[in-house]
Amino acid sequence: MNDSASAASAHILIVEDDPGIRRFVRQALEDAGHSVSDADRLQRGLIDAATRKPDLLIVDLGLPDGDGLDLIRELRGWNTQPVIVLSARSGEADKIAALDAGADDYLAKPFSVGELLARVRAALRRATGGHDGTPVIRFGACCFDRARRLLTRDGEPVHLTPVEYRLLALLAAHEGQVLTQRQLLLQVWGPNSVEHAHYLRIYMGHLRRKLEQDASRPRHLLTETGVGYRFVAEPLN
Amino acid sequence: MADDEIRPDPDALLALARAEADRAARGRLKIFFGSSAGVGKTWAMLDAAQRMRATGSDVVVGVAETHGRSDTARKLEGLELLLPRDVVLQGRTLKEFDLDAALARRPAVVLVDELAHSNAPGSRHPKRWQDVEELRDAGIDVWTTVNVQHIESLNDVVGGITGIRVRETVPDRVFDEASEVVLVDLPTDDLLRRLREGKIYLPEQAERAVRNFFRKGNLMALRELALRRTAERVEDDVRSYRRAHVARDSRAVWQVSDALLVCVGPGAEGDRLVRAAARRAALADAPWHAIYVETPALQRLPEARRRRILQTLKLAESLGATVATLAAEDIAAAVVAYAREHNLGTLVAGQTADRPLRAPWHYLPGRRPFARRVMKAAPEIELMLIARDLASDAAAMPLSGDDEASERTARRARGYAWAAGLCAAVTVLATPLLEVFDLANIVMLFLLAVVLTAVRFGRRAALASALMNVLAFDFFFVPPRFTFSVSDAQYLVTFAVMTVVGLVVGQLTASLQYQVNVARYREQRARGLFEMARDLGRALTVEQVCEIGEKAVGRAFRGHAAILLADDAQRLLPPDAGHGFEPDVGLAQWAYDHGEAAGSGTGTLPGAPALYLPLHAPTRPRGVLALKPSGARLLMIPEQRQLLDTHAALVAIAIERVHFVQVAQDTLLSIESERLRNSLLAALSHDLRTPLTALIGMSENLHAALARRGAGEADDASAILAQARRTAQLVANLLDMARLQAGAVSLHHDWLSLEELTGSALAALKPVLDRHVVHTDLPADLPLLYGDAVLLERVMANLLENAAKYTPPGSLITVSGRPEGESLTVEVSDDGPGLPAGDPDALFLTFKRGDPESSTPGVGLGLSICRAILRAHGGDIEAANRPPPARGAVFRWWLPLRAMPDVEAHL
């Protein structure tokens, strides 16, 4: 809870039909210093999103009067506030669909309070500027200076190929956020390569070997299995 | 335009391609053709076989008749011989060619001497040439020998030259379809010399007849015939070559007006007509039809002669004709209509179509000779008349002595009795009226009696009635009464009028009756077919279709029918009892396998009591229709066979329709149940995970709140949290297992790196593994895997979790991967206590744990999930203890590797 004041006092809207989940999420967020309002239906959620102007939304995908995906699509017509999706479905396709529809992050049920708070923090930081303002990101033993296009590890410059650079820059720009495989392929390799998942696997391998202490146990370039990748500058714990 | 002329007709090309394909699939037939016995056909064939064997080909001798000639027998040396089949017939043992042995042996070439040979009764085919056809169908090349007098269409000609009729004949089709014909020729003088030297085998019992046969004149004529027939074939070859290579000519060669129509009458000249037409049609390379027009008069023919006509039609069919039986009153009109309908330009007929001694009414207007009527009706048709041989005609006319004739006699007697009765009645009735009426009116009453008799009993009874009535009228009514006086000669006029009226009415009645019969029969046929089609349309199961088909066929052919269905392995299932006869499943299977009719009235085991017709449906044969008719004759009539074929086709289509409906229903059912299963699992997953999420979240909050206050209950809250997490894990495992076992998992294939899978599994298991040391040994250049990322991560996570669960804290867990041949092998090993005693494979069974009483949590689903996932990917998993001196367990899994798409180009 050592974030900026704006993040600490954010207003968060929870759209979730299960009262138990609503209750503990509300309590966890309030304990963290946020103000919370909640809605148990999609229609109610839309109205609250418009009238209460929350800084962040937490949306369950399975709502009694509609699909959370529809809410996100509707919302994205006029609202750019971060959305975190809660999904009870195990299908990765739902998560990808939510992310591609404009959600910023997701949590698969059951999730822990720690995870929830970390995601909320990261999303709020991005929404209020975050690292976008500062060209230098430090993570682990590395320092990534985007203004000078320079990466150093333990003070030594690390050579990156143009593709590796683009990939790292894109992930870093969305620090803490999941980028789907499709989004990464589209923006790094271009629209003709969105099916070429093996590029990603190989280049992520290269990046990890250059940046991580142990490539098989990454701390910053994380895999969201079946969905995509996430860059985390300061890992939990 | 010029292009159009040169461009080959696509249909012709197709036909050609099909013929080529057929030729490739079927065995080739090579015929050694000679003018008579003794020219050395067998020797030539064996000589060629020896040469063939020298080149290393697989040649087998099926039958070779050496007739004890040593030079021929010598030629057999070194060739593989098939043992003959012994057939015991009336105490004698005959040696026959063993078709099944030849089919089983499957040589490249089999030698079968004497193509025209008739097999012993009880063999599969009556004729050896049919055995040869079956061998060729099986893709085996056949070499054989034939003499010119055995060629069907030359049979008469040879008979006419030599005076000896040969019964064993080979259809021209077989000869013409041969891939190669080798003429074995020997000058006549040399042949006679060989005969004198005793080098030619002659059957002893017919020696004299055969010696007559071997006269120089005969032999020269036969030699000429053989040479000519070979020349015709060579010409055919040239023609088909031209057709293949000069596409433009194909249209000029095909002239439909060359097509022949031969009219088969009741006389014995039928066979001769048919053979003549066959020869002409073969020369012109034209299609030909043979028809029999059944008139009311012909319908009254005795059974034996009608059967003869049908046999003539069968002969025509075997010579390649399209055959038909027409029912009509006027032969000429029917023939002309048929010729025009089928565009047949030439008509072949006997000189007269009726009896030699013509009844007087044949000279009435409109009863002119058949040929003249045809000429008048259709001047464009070319007529070819063949003179009839009256002697043979008479000989061929057997006396009718069967039931049908005696029934007709009884009917006639009844007619005469009625005529006499009516005559007496009119006489009695008219006697009192004589006072009142003129004689002219009395005679009208008698005329009425003649008309009534004619209407009821036809011409003969009418004739008798006319005679009786004139006599009665003259005797009882014409003065002087009760005498026949000379002046009564004028009543000859009365008699003549009565006769003519009676005959005309009788004729009219008879033809009317005939037309009614024909119409009724046609209507019956149409109604039967319609009813069957309608019932079949309503049938919902194959059993219903069979029952309807069996009933309809049985009714239409006055016999018993049974339908044998094929199972998935193309074997026919014997039908249930209760069909009125026992179908021969073996023969039915033969018909099914060969797609040909077999049994009664066919070329295959014609002696069988029933006929077996394969049920050809559009996609594949569906079974066999077995029919045991009341009379075999019924099946020989072409119309009846066509009717039966129509029935069979309808049944086949109905069976197929029902089959596809069943398939569609099954598919729908499985789609529906899969959909249900998936939605059930999804709902279950949602309903179980939601409360668990709340439980975990709330206990976490509780723990945090209590811990902040320093309350002792914080530990309880922590325990609740741990239990809730475990339950969540269990639920996830159970749902996954249910999904995998239900086959409801569809794999989302993608390229994956083992390093990432291990990394994310380790990250997910961080709390579980924090008291163990994990070492990874994954080379940087490890090939990518192709599989479902989530499921394979699950495999890694389950194996790591297992290792953590069953080894003491501080143990070393090692993950290593290496490519091995075509697959990638991954090992997760530990240095713990190792696997429990027993079969390590049992660990992968659902709900199996190493130690059933262990307090370690988990139900033992983890490993079986791993195996299910890996097997779905085409890989597998095994467990073992590490070989000493190392200790601990090792779980080894592998997946097939796939060629990865190119990457370097996109660096």
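Modeller: Start with the surface of chain A. Its accessible area comes to about 9900 Å², and 48% of that belongs to carbon and sulfur atoms. Bear in mind that this is a predicted model.

Colleague: What is the secondary structure of chain A, and how many of its residues count as buried?

Modeller: Chain A has 9 helices and 14 strands. Of its 237 residues, 55% count as buried. Among contacts in chain A between residues at least 6 apart in sequence, 59% join residues at least 24 apart.

Colleague: What makes A:Asp105 and A:Arg230 a salt bridge?

Modeller: The closest N and O atoms of A:Asp105 and A:Arg230 are 2.8 Å apart. The cut-off is 4 Å, so the pair qualifies. A:Asp105 lies in strand S7 (residues 105-108) and A:Arg230 in strand S14 (residues 228-231) of chain A, so the bridge ties together parts that are 125 residues apart in sequence. Both A:Asp105 and A:Arg230 are buried. By this rule there are 51 salt bridges over all chains.

Colleague: Turn to the interface. How many residues are in contact between chain A and chain B?

Modeller: On chain A, 39 residues are in contact with 40 residues of chain B. The two chains bury about 3300 Å² between them, 57% of it on carbon and sulfur atoms. Between chain A and chain B there are 12 residue pairs in polar contact, both partners at pLDDT 80 or more.

Colleague: Which elements of chain A supply that side?

Modeller: Helix H2 (19-31), helix H6 (113-127) and helix H9 (197-211) of chain A each give two or more residues. H9(A) has the largest share, 10 residues. By class, this side of chain A has 17 nonpolar, 12 polar and 10 charged residues.

Colleague: How many salt bridges are there between chain A and chain B?

Modeller: The count is 4. One of them pairs A:Arg201 with B:Asp750, at 3.5 Å from N to O. That is within 4 Å, so the label holds. A:Arg201 lies in helix H9 of chain A and B:Asp750 in strand S18 (residues 749-752) of chain B, so the pair joins two chains.

Colleague: Are A:Arg201 and B:Asp750 buried or exposed, and how do you know?

Modeller: Buried means under 20% relative accessible area. A:Arg201 has 6%, so A:Arg201 is buried. B:Asp750 has 19%, so B:Asp750 is buried too.

Colleague: What makes B:Glu180 and B:Lys30 a salt bridge?

Modeller: Their closest N and O atoms are 3.8 Å apart. The limit is 4 Å, so the pair counts. B:Glu180 lies in strand S8 (residues 180-184) and B:Lys30 in strand S1 of chain B, so the bridge ties together parts that are 150 residues apart in sequence.

Colleague: Why is B:Glu180 called partly exposed?

Modeller: B:Glu180 has 35% relative accessibility. B:Lys30 has 16%, so B:Lys30 counts as buried.

Colleague: Which residues of chain B are linked in a network of salt bridges?

Modeller: B:Arg26, B:Glu133, B:Arg136, B:Asp137, B:Arg173 and B:Glu177.

Colleague: Last one. Why is B:Ser35 called buried?

Modeller: B:Ser35 has 4% relative accessibility, and the cut-off is 20%, so B:Ser35 is buried. B:Ser35 sits in the loop between strand S1 (29-34) and helix H3 (41-54) of chain B. Leaving aside neighbours within four places in sequence, B:Ser35 is in contact with B:Asn147, B:Val148, B:Gln149, B:Leu222, B:Arg223 and B:Ala226.

Key:
Residues numbered from 1 in each chain as written. Chains lettered and ligands numbered in written order. Predicted model: local features only at pLDDT ≥ 70, side-chain atom pairs only at ≥ 80, totals over all residues. Heavy atoms only, no water. Helix = DSSP H or I, 4+ residues; strand = E, 2+ residues; numbered from the N terminus. Buried < 20%, exposed > 50% of the residue type's maximum accessible area, 1.4 Å probe, protein only. Contact = heavy atoms within 4.5 Å. Buried area = accessible area lost by both parts, 1.4 Å probe. Salt bridge = Lys/Arg side-chain N within 4 Å of Asp/Glu carboxyl O. Polar contact = N/O pair within 3.5 Å; in protein donor to acceptor, adjacent residues only side chain to side chain. Nonpolar A, V, L, I, M, F, W, Y, C, P; charged D, E, K, R; others polar. Areas by Shrake-Rupley, 256 points an atom, 1.4 Å probe, with all protein chains shown as cover.
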